[in-house]
2 protein chains.
Amino acid sequence: MSTRRWVMAERPHGKLETHHLDLVDAPREAIGDGEIEIETIFVSIDPTTRLWMSDVSQHAQPIQLGDPIRSFVWGRVSASRNKRHREGDMVFALGAWESFTRTRHATAIPKSHALPLSAHASVLGLTGLTAYFGMLDVGRPQAGETVVVSAAGGAVGSVAAQIGRILGCRTVGIVGSEAKAAKIVREYRLDAAVSRQGDLSAALAAACPSGIDVDFENVAGPVLDAVMEHINPGARLVLCGMISAYESDGVWPANVVRPLLMKRARLEGVLISAYFNRLQEGVEALAGWVKSGEMRWDVDVLNGIERAPEALQRVLSGANIGKQLVQLAPDPWA
Amino acid sequence: MSTRRWVMAERPHGKLETHHLDLVDAPREAIGDGEIEIETIFVSIDPTTRLWMSDVSQHAQPIQLGDPIRSFVWGRVSASRNKRHREGDMVFALGAWESFTRTRHATAIPKSHALPLSAHASVLGLTGLTAYFGMLDVGRPQAGETVVVSAAGGAVGSVAAQIGRILGCRTVGIVGSEAKAAKIVREYRLDAAVSRQGDLSAALAAACPSGIDVDFENVAGPVLDAVMEHINPGARLVLCGMISAYESDGVWPANVVRPLLMKRARLEGVLISAYFNRLQEGVEALAGWVKSGEMRWDVDVLNGIERAPEALQRVLSGANIGKQLVQLAPDPWA
């Protein structure tokens, strides 16, 4: 039995197209001492993967031609020569868009909180945790403040926006269409949502009559520029992603310096890697909100590894609602 | 006796030229209830004054045509109908480039620390205090880290750089020429200084072999872009000024978003107005360093109100060393 994986055939320099990627079957190699093999159940589909395909300065090594497309995966240990993991255990790991992943570094997922594995791959996973630590540790919204979240229908944004609401803030989402705006207001119980199509600055002015105290930024580019026009003195802008720029290799100038100075505001990048020693704190808080019904979580699932490129295109265009996953096998805890 | 003042004759949209300003003599009006009149001894010459001349979004109202050129002043109370101030007292206030200023809001300067009034107008004044709170409260450098300060020969930068050295950091200044670099290394006892002429990024790479942990940014524009190429994970960038942009009305894009995200770094504006209730804490700390000899302070003085435009041009071109003042009368405590 082989592993089926996506590799980079050609480096994309703009829109990701199917000819940039090849789906190949490769033999499964025997695992070495300390390694495990994971049979993939869910592949995480994240904007970051598109960034890793670009040969630009970033927080990780770019994917090289011929390499598997890097992503997080959740699955079952199918073979182990590592004493921390037993066959059959559920784990997540940095792997690739492939049906079997070999690694030395996986994290066990205990069956807890009576939630399906897809919850561990979304609201309790790295995307939900990024929202948690970005809001609590960097944005620090106070009750009564106004919080804006871009890509508020996405995996991170939907959790960040609901945290804003749970903390007692006026919470406004930014999404790609009016229809999606209506949907997230209803489903995530936000105060308002606006479309980034049209005059975003005017829409934000109307939706945020007291200005913006915290911005949870997933899109950057023109969205961030529009937010900047409405920030209050002392605003905190949590820079979590820049989806608008991931399909461009160029420099990404932004008109942020003047408003940051004039409003003594703060723009701060957040990477979940800085919180790897505190993940459990976030998991417990998020699970509590899920179980009490305060936090809704959504997964947007495509079935079959062959659909991974399509899934990434969905995420980059903002078509998904909630965490985008590609599913290769049944959820064992569903 | 009249007051002699500079007013805005024409709004500058680029380099400040003498035809933008008019020197006029105006009658001194009688002060109203609650007001004082201040006979100016020192006029503060700051890059911010050039920003106030522009009709762009900022933290204060732009100066209007015909208005006096706004600035802080230090001087002697020459008349008072305010019970908090007596004739002869030393005060500072937001006034203008003029020989007599009327105001309701002045701050008394007690004769303390056996220092001349020019020290109160520089290292112990708002510029020194901006450096103090920007470094201590926003930058928070830890001993052993690398601190970079732009405009390190200026009023704020020279104090910020010396605080970096006092706190045990490797401290590197950025200035406008090689000659000035050599001078500030010697006089402020910095580890290194580089000129922003030439390849600033390469010069910073050589001067900061362990990368940059804290940047105290007074210049922005290409200087900030070069700094951004060398920041370490978790870097703090204290955005105090953007001298490079004050003579331009346009938007000031910067390539900061990507590095802030990839390095989970923080860019935060600092305005001294946020610290008006804590100024005394800064004055005491700075005075202590001055008296122990750890903190050198410099003033760069031109004599006569007629030289104020020339003094501002000096500051905007980075020709000054230390705090630029225009002096109208003898320093009573010198």
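Predicted model: local features only at pLDDT ≥ 70, side-chain atom pairs only at ≥ 80, totals over all residues.
I found Thr127(A), Gly128(A), Thr130(A), Ala131(A), Tyr132(A), Gly134(A) and Met135(A) of H3(A) touching Ala155(A), Val156(A), Val159(A), Ala160(A), Ile163(A) and Gly164(A) of H4(A) (contact: C-beta atoms, placed from the backbone, within 7 Å; helices: DSSP runs of H or I, at least four residues, and strands: runs of E, at least two, numbered from the N terminus). I sorted this contact by class: 8 nonpolar, 5 polar and no charged residues (nonpolar: Ala, Val, Leu, Ile, Met, Phe, Trp, Tyr, Cys and Pro; charged: Asp, Glu, Lys and Arg; polar: the others, Gly among them).

I noted the source terms. Residues count from 1 along each chain as written, and chains are lettered from A. Local features need pLDDT of at least 70, side-chain atom pairs 80 or more, while totals for chains, interfaces and linings use all residues.

Next I checked the geometry. The axes of H3 (126-139) and H4 (155-166) of chain A come within 8 Å and cross at roughly 40° (lines fitted to C-alpha atoms over the stretch in contact, angles from 0 to 180 degrees between N-to-C directions).

Then I turned to domains. Chain A is assigned domain 1 (2-122 + 298-327) and domain 2 (126-273), with bounds from an automatic or database assignment. Their C-alpha centres lie 27 Å apart.

Methods:
Contact = placed C-beta atoms within 7 Å.
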